[in-house]
Every structure is written in C-alpha cells, then in structure tokens.
Amino acid sequence: MSMTLLRLSRAAAAGLIAAAALTAAAHSAEAADTLGSAAAGQGRYFGTAVAANHLGESAYAATLDREFTSVTPENEMKWDAVEGNRDTFTFGAADQIVNHARSQGMDVRGHTLVWHSQLPSWVSGLGAADLRTAMNNHINRVMGHYKGQIHSWDVVNEAFQDGGSGARRSSPFQDKLGDGFIEEAFRTARAADPAAKLCYNDYNTDGVNAKSNAVYAMVKDFKSRGVPIDCVGLQSHFNGASPVPADYRANLQRFADLGVDVQITELDIEGSGTAQADNYANVVKACLAVDRCTGITVWGVTDKYSWRSSGTPLLFDGNYNEKPAYDAVLSALGGSGGGPGNGTASCTATYTRTADWSSGYNGQVTITAGSEPISSWTTTVTLSLPQKVSATWNASATWDGSGNVMTARPTWNGSLAAGASTSFGFTVAKNGSDAAPTVGTCTAS
Ligand code: G3I
C-alpha cells in the first residue's frame with residue numbers, strides 16, 4: 001500500500017474522513033481512540049522518539065505503530081552516529097527507523113544536524129575554514145540521503161546558553177565560526193532539501209525567559225532578513241525543578257506570531273498519577289490553543305527506556321500499560337478514553353529505602369494504579385540472602401521455599417482509583433548484606 005493510502009486508511013478507520021467532509025474543524029464524529037488519530041482530528045501529528053535497537057521488541061513496536069503518527073530518531077541521526085569519521089557516512093540505524101516509519105505511514109522528524117553534543121572529536125579539532133566546509137558537507141550529505149522523507153529537521157540544536165545572559169553557547173561552531181554559523185546552517189539546509197521544514201530546537205525555552213527571548217530575537221531577525229526558518233522546537237523536558245511554565249501557551253503563541261510553526265519536540269514530564277496527567281493535559285491544551293502549534297512529540301514510548309526513566313515521565317509504563325497521563329492526553333486531544341488495552345486493570349510498583357541502620361533497613365513499595373481503577377494488586381520483593389524480613393505492614397506476605405521471595409498482597413488497601421497509590425513497608429535484617437531488594441512486576445485485577 002502506498003504511504004498516502006496507508007495514511008488515508010488509518011484516518012478512515014478513525015472516522016476522520018467523513019468528519020472532515022462535514023466540518024472544516026475536522027473533529028471526528030466518533031471520538032478517536034489513539035493518540036495519533038485523536039491528534040489528526042485536531043490537524044496535528046502525535047509523535048515519539050524511537051531507538052532503533054528497541055524496534056525488535058514486539059510490544060514496543062506494537063505500541064509505536066498503534067499510537068503514533070510521527071517518529072524522531074532519539075540518537076541515530078546525530079553527528080556521531082552518521083559521520084563518526086570524516087566523510088564516511090553510516091545510516092544503518094537511522095535508515096531502520098525511517099523505513100519502519102514509512103512502512104507505517106508515519107512522518108519523520110530529523111534530529112539533529114548541528115549540535116555541540118554527540119559531536120565526534122575530529123569535528124572539534126578543525127580550524128575555522130575546514131569546520132565550515134565540514135558543517136555544510138554534513139548537512140548536505142545527511143539531508144541529501146533523506147531528501148523528501150523528513151517533514152521537519154532540527155537544523156541547529158541548543159545553540160544558546162542557559163541562565164540570564166541570552167548569549168550563545170560556546171561550541172566549536174560558535175567559537176570558530178561566530179554567530180553566523182546558525183544562519184549558514186539554515187541556508188545550506190534549505191538548498192539541501194527544500195521540502196523539509198527547518199527548525200531551531202532548544203530546551204529551557206518553553207516559557208518566556210532570557211534564553212527564549214534570545215531565540216525569539218534570532219528568529220525575528222531571520223524572518224526580517226529572509227533567512228530560511230520554518231519552525232521553532234520547544235523540547236519541553238519538565239520535572240519538579242523545571243515545571244510546565246505558566247506562560248507556556250503565551251510563549252508558543254509569540255513564536256507563532258513571528259510567522260513560524262511551533263512544535264513540541266521532546267515532551268516528557270516526570271511524576272505519576274493525576275498530577276502528571278494534569279501537566280500533560282495542560283501542555284496538549286496549550287498546543288491546541290495555538291493554530292501554528294502543528295504537533296507534539298514525546299521523548300520515548302515507554303518509561304523503561306526514557307533518558308529519565310527513574311522519573312517515569314512518559315505515557316506508557318514499563319509494561320506498555322497506558323498511564324493516567326495517556327488518558328489525559330487522549331482526552332485533551334478530543335479522543336475517547338477507550339484505547340486498545342484500556343479497560344484493563346494495571347499497576348506499577350516502585351521501591352525506596354526509607355530508613356537504614358547498621359544491622360537493618362526499612363523498605364517501602366508504592367503501588368500505583370494505571371489508567372483504570374483496580375480492586376486488588378500483587379507484587380514480589382526479592383531479597384539477597386541471607387537478608388531476612390522481620391516485619392511487614394500494609395500488606396500480607398507469603399514466602400517461597402528459599403525464604404527470599406516475598407509475595408505481597410493488599411490487606412485493607414486493594415482498591416485504588418485510577419492513578420491512585422498506596423504503599424506497604426517491611427523491615428529487613430541485613431545479616432551482613434546491604435544489597436537492595438528487587439521488586440517484581442505489579443499485577444492488578
Ligand atoms: O549505545 C551506547 C551503548 O552501547 C553503551 O554501552 C552505553 C554506555 O554509556 O551508551 C550507549 O549510548 C548512550 C545513548 O544515549 C543510547 O542510550 C549514550 O551513552 C548516551 O549519552 C545517550 O544519551 C542520549 C542523550 O541525548 C545524549 O546527549 C539520550 O539517549 C537521548 O535521549 C538524549 O536526547 C537529547 C536530545 O537529543 C536533545 N535534547 C535533550 C535530550 C535529552 O538529553
């Protein structure tokens with residue numbers, strides 16, 4: 001099937017074509033039940049970062065193929081991956097992702113051409129004239145290889161400093177070529193693939209601040225002088241130290257008002273349960289409120305492979321269960337909360353050591369329900385022998401024959417609302433071993 005037909009058949013399945021004929025707003029008559037189809041109903045794409053080495057995992061590929069309409073290679077198109085040695089280009093892993101995406105009718109975001117990080121040392125060692133040649137050659141060769149296959153390229157990534165200076169970040173490009181390297185990269189990129197949208201992409205530019213003001217001034221200058229730029233990517237990596245800014249929507253809008261598209265390019269929000277879900281919903285609503293916010297990409301499919309996996313910042317947990325944040329995003333996109341797998345009770349279990357002394361420690365396991373309410377849960381805690389549990393609370397425990405695998409079930413605390421949590425605890429006698437226990441998969445009913 002051709003890509004166009006494949007895309008049309010996906011859209012038709014979601015009831016979008018009939019709806020689009022009825023209303024220019026293209027809201028689906030029946031609410032869509034995946035992220036991609038719901039976003040399409042709003043005229044947006046919904047994408048994810050993808051790592052080539054996970055494509056062989058069936059649950060990973062199935063979730064990717066079902067839910068997303070755009071992919072960004074997480075590392076495979078970076079300079080060190082495609083041109084580790086000068087003029088020798090290796091596209092194997094990136095091609096794998098692009099081929100997978102195209103076979104599924106998905107769009108591809110290119111990430112990234114000119115960036116100070118994941119840059120091979122041979123590039124940093126060049127003198128100015130040679131560096132300029134190498135930069136332009138890199139852009140030409142990589143964009144040439146994927147010509148016509150990339151909807152948006154992050155041409156330059158993270159070129160501004162954090163903090164209040166509004167200055168450019170020191171990098172081989174900045175230090176040797178000066179401010180003009182960004183403009184040169186965009187001009188080279190336009191000629192290399194005129195069909196691709198050309199984006200400037202950065203983090204900590206999500207709200208109005210000194211850094212985003214500096215990017216804003218650059219984009220304004222580019223637009224006024226006819227330097228080719230089509231989009232600004234706001235990475236949107238959020239956590240407690242860097243929360244979703246209150247002026248997020250206003251910031252998206254001011255960039256859009258310069259005459260560029262805005263894209264949320266690397267979204268992830270650390271947290272869990274309803275707090276995380278609310279943050280995700282707010283980000284999606286902000287994008288939908290800005291006409292030129294054309295799509296959202298989350299930075300990974302599942303928490304277990306996230307670059308911030310301990311912060312569980314994504315929409316699917318480590319077992320590919322939809323989290324409350326998934327439901328919140330789907331519903332903010334106007335979809336129905338009935339995606340495949342929905343309606344299935346699920347839970348996650350996370351461990352922390354809450355007290356420690358020379359001969360023992362207290363452990364705590366927090367059980368969090370997935371996107372459906374649950375009536376019971378169970379998980380295991382495996383100790384390193386000769387450790388021994390001397391007490392448990394808020395769970396009933398049974399033991400395997402060797403005495404080191406504890407199966408925990410609820411006492412009074414089996415029923416949890418969607419996204420809600422409970423904890424149980426235990427005291428361990430170390431008996432000479434300080435090893436942390438392993439918590440098994442959480443199973444819910
Ligand atoms: O593949 C090797 C593996 O063979 C090796 O054993 C292992 C040991 O360290 O490293 C593996 O490579 C790691 C790679 O991720 C793949 O997992 C690199 O060390 C690690 O540095 C790399 O991190 C990536 C990071 O960019 C590098 O800056 C993250 O996956 C990726 O999510 C992250 O993405 C960036 C965006 O490109 C730009 N914006 C910020 C964002 C988050 O940092």
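Analyst: In this predicted model, the side chain of tryptophan 299 places an N or O atom 2.9 Å from an oxygen atom of the ligand. Glutamine 235 has a side-chain N or O atom 2.9 Å from a nitrogen atom of the ligand. For glutamate 74, a polar side-chain atom lies 2.4 Å from a ligand oxygen atom. Glu74 is also among the residues that come nearest, together with Lys78, His111, Glu158 and Glu266, out of 14 residues around the ligand.

Turning to the helices, α13 (residues 273-288) packs against α14 (residues 324-332) at an angle of about 25°, their axes being 8 Å apart. Because angles under 35 degrees count as roughly parallel, α13 is roughly parallel to α14. The crossing of these two helices is right-handed. On the α13 side, the contact includes Gly273, Tyr280 and Leu288, and on the α14 side it includes Pro324, Val329 and Ala332. The residues of this contact comprise 10 nonpolar, two polar and one charged.

A second pair consists of α10 (residues 180-192) and α11 (residues 210-225), which pack at about 50° with axes 12 Å apart. These helices are therefore oblique to each other, and the crossing of α10 and α11 is right-handed. Ile182, Glu183, Phe186 and Arg187 of α10 meet Met218, Phe222 and Arg225 of α11. That contact of α10 with α11 divides into four nonpolar residues, no polar ones and three charged ones.

Note on methods
Residues numbered from 1 in each chain as written. Predicted model: local features only at pLDDT ≥ 70, side-chain atom pairs only at ≥ 80, totals over all residues. Heavy atoms only, no water. Axes fitted to C-alpha atoms, helices over the stretch in contact; angles between N-to-C directions. Helix = DSSP H or I, 4+ residues; strand = E, 2+ residues; numbered from the N terminus. Parallel < 35°, antiparallel > 145°, perpendicular 65-115°, else oblique. Left-handed = near helix turned anticlockwise from the far one by under 90°. Contact = heavy atoms within 4.5 Å. Nonpolar A, V, L, I, M, F, W, Y, C, P; charged D, E, K, R; others polar. Near = heavy atom within 4 Å. Polar contact = N/O pair within 3.5 Å; in protein donor to acceptor, adjacent residues only side chain to side chain.
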